[in-house]
Amino acid sequence: MHYDLVFEGGGAKGIVFVGALQELFERGHTVGRLIGTSAGAITATLLAAGYRSQDILAAVNEKLPDGRPRFASFMDIPAEFDRRTIQNSLIYHIFNAVDLPFTPQQLEERIDKTLMDAMLKLPVYRQLFSFVERGGLFAGDAFLQWLKEKLNADGRNLGSATLEEFNRKTGVHLSVIASDTTGEEMLVLNHHTAPGVPIIWAVRMSMSIPFLWQEVRWDPNWGRYRTRNIAGHTVVDGGVLSNFPIDLLLSGDEEVKKLMGSEPGSDNVLGLLIDESQPVPGVSAEKQPVDEEAARDLESRASIVLQRITSLINTMTNARDNLAMETYKEFICHLPAKGYGTTEFDMPEDKIQKLIAAGRAAMKDYLNRQNIPGRKGRPGRKGRSGRSGRSNP
């Protein structure tokens with residue numbers, strides 16, 4: 001069968017998609033339109049670029065020279081900030097607001113600059129500065145480099161493509177979801193709505209989990225979003241507004257059709273939902289309490305702050321698009337992910353393999369329950385009439 005696929009966001013838990021796709025493709029099914037949020041946007045983009053499940057698995061398993069998963073490098077501490085950013089920062093203005101008694105103004109300014117420069121040499125302080133000034137602890141540059149590398153691999157030459165160029169070269173209708181916090185709206189980024197946005201930046205915006213990665217400012221060179229000029233708008237993770245945008249492929253709403261374009265989609269839609277309520281065989285779901293009393297040094301204390309932030313992130317991104325899930329539940333495959341964290345990019349190999357195996361088993365169970373192989377007729381999508389066109393096996 002031919003499916004339009006929807007991938008939910010979920011950070012490191014998105015590894016579960018690999019197993020689900022292995023089962024889907026080994027049964028001979030093919031895919032059409034692709035849409036995703038955050039980790040789902042990464043998977044959808046790689047699929048659109050011609051990656052198969054085994055290729056995505058190889059990318060997931062890629063290691064750094066020290067043996068850690070390369071995904072762990074995505075938590076990259078900002079290297080530096082330009083002088084203009086520093087001088088316009090809130091922290092710098094606070095420094096200037098503190099009046100040193102009996103100190104001439106020029107000398108005080110030199111002291112402020114010297115202190116600021118010295119502090120910015122410390123990785124922990126650069127993270128704090130990034131958090132305050134850019135809305136996230138990590139730069140996200142390592143992710144951009146990784147994605148560009150993957151999109152250029154094997155002669156694809158898609159790493160510098162805009163969404164319009166990406167669509168033209170691949171022939172795939174790809175959409176990724178982001179959140180415009182300035183304009184307070186969900187962005188559906190594809191070759192119709194934002195043709196001039198580079199593909200790697202579209203995905204980077206979609207995966208910018210608040211407080212974790214730096215926010216992205218819409219570059220004027222990217223052109224308009226639909227008919228609107230949103231240059232300078234701050235954009236973050238699509239999961240803030242829609243972590244599982246299955247309604248964009250199933251709704252008959254006229255506004256939705258404008259966002260997705262007039263190209264015909266498949267009659268079959270399949271949503272891959274990361275379900276943290278379902279256990280992964282062999283993986284404990286118990287959380288270990290943090291021993292704050294034992295943490296004395298700066299690095300340990302900073303780690304505790306980071307854990308608090310990631311706990312907030314996990315809680316936020318676990319929120320569901322409940323109405324859409326209930327409306328379209330027959331089109332959703334639930335993929336187990338209990339016991340896994342959104343930012344657990346350095347999980348050990350055995351835990352990765354258990355998550356992949358759980359995803360594969362869940363997809364196998366879903367397809368078997370649908371009795372899809374050899375069935376007469378096919379499941380339809382919610383059509384323009386708003387009624388389900390799903391046929392019986």
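Is G159 buried or exposed? G159 is buried, with a relative accessible area of 2%, where buried means under 20% relative accessible area, exposed over 50% and partly exposed in between (1.4 Å probe, protein chains only). Keep in mind that this is a predicted model, in which local features need pLDDT of at least 70, side-chain atom pairs count only at pLDDT 80 or more, and totals for chains, interfaces and linings use all residues. Residues are numbered from 1 along each chain as its sequence is written, and side-chain values use heavy atoms, with hydrogens and water left out.

**The whole protein**

- There are 15 helices and 10 strands in the protein; helices (H or I, at least four residues) and strands (E, at least two) are DSSP runs, numbered from the N terminus.
- Of the 393 residues in the protein, 52% are buried.
- Take the contacts (heavy atoms within 4.5 Å) between residues at least 6 apart in sequence: 77% of them join residues at least 24 apart.

- The average pLDDT, the predictor's confidence in each residue from 0 to 100, is 85 for the protein, and 85% of the residues score at least 70.
- Residues 374-393 have a pLDDT below 50, and this stretch has 48 contacts in the model beyond near neighbours in sequence.
- Where pLDDT is low, the predicted coordinates should not be read in detail.

- G159 sits in the loop between helix 8 (141-152) and helix 9 (163-170).
- Leaving aside residues up to four places away in sequence, G159 touches K148, L151, N152 and I200.
- L147 is 12 residues from G159 along the chain, and their C-alpha atoms are separated by 7.3 Å.
- N157 is also in the loop between helix 8 and helix 9, but N157 counts as exposed, at 51% relative accessibility.
- The phi of N157 is near 55°, a positive value in a residue other than glycine.
- As background, most residues other than glycine have a negative phi.

**Two other loop residues**

- S38 has a positive phi too, near 55°, and is a residue other than glycine.
- You'll find S38 in the loop between strand 2 (30-37) and helix 2, and it counts as buried at 4% relative accessibility.
- V240 belongs to the loop between strand 8 (234-237) and helix 11 (247-250).
- With a relative accessible area of 38%, V240 is partly exposed.
- Not counting residues up to four places away in sequence, V240 touches S179 and P210.
- From V240 to T181 there are 59 residues in sequence, and 9.3 Å in space, C-alpha to C-alpha.

**Helix 2 and its partners**

- Helix 2 (residues 39-48) packs with helix 10 (residues 199-206) at an angle of about 155°, their axes 8 Å apart; axes are lines fitted to C-alpha atoms, for helices over the stretch in contact, and angles run from 0 to 180 degrees between N-to-C directions.
- That angle makes helix 2 roughly antiparallel to helix 10, since angles over 145 degrees count as roughly antiparallel, under 35 as roughly parallel, 65 to 115 as roughly perpendicular and the rest as oblique.
- Helix 2 passes helix 10 in a right-handed crossing, where right-handed means the near helix is turned clockwise from the far one by less than a right angle, and left-handed means anticlockwise.
- On the helix 2 side A41, I42 and T45 meet I199, V203 and S206 of helix 10.
- That contact of helix 2 with helix 10 has 4 nonpolar, 2 polar and no charged residues; Ala, Val, Leu, Ile, Met, Phe, Trp, Tyr, Cys and Pro count as nonpolar, Asp, Glu, Lys and Arg as charged, and the others, Gly among them, as polar.
- Helix 1 (residues 16-26) packs with helix 2 at about 35°, with their axes 12 Å apart, and this crossing is right-handed.
- F17, L21 and F25 of helix 1 make the contact with A39, G40, T43 and L47 of helix 2.
- By class, those residues are 5 nonpolar, 2 polar and no charged.

**Helix 5 with helix 6**

- The axes of helix 5 (residues 90-97) and helix 6 (residues 105-119) come within 10 Å and cross at roughly 145°, in a right-handed crossing.
- Helix 5 brings I91, Y92, F95 and N96, while helix 6 brings E108, E109, D112, K113, L115, M116 and M119.
- The contact of helix 5 with helix 6 divides into 6 nonpolar, 1 polar and 4 charged residues.
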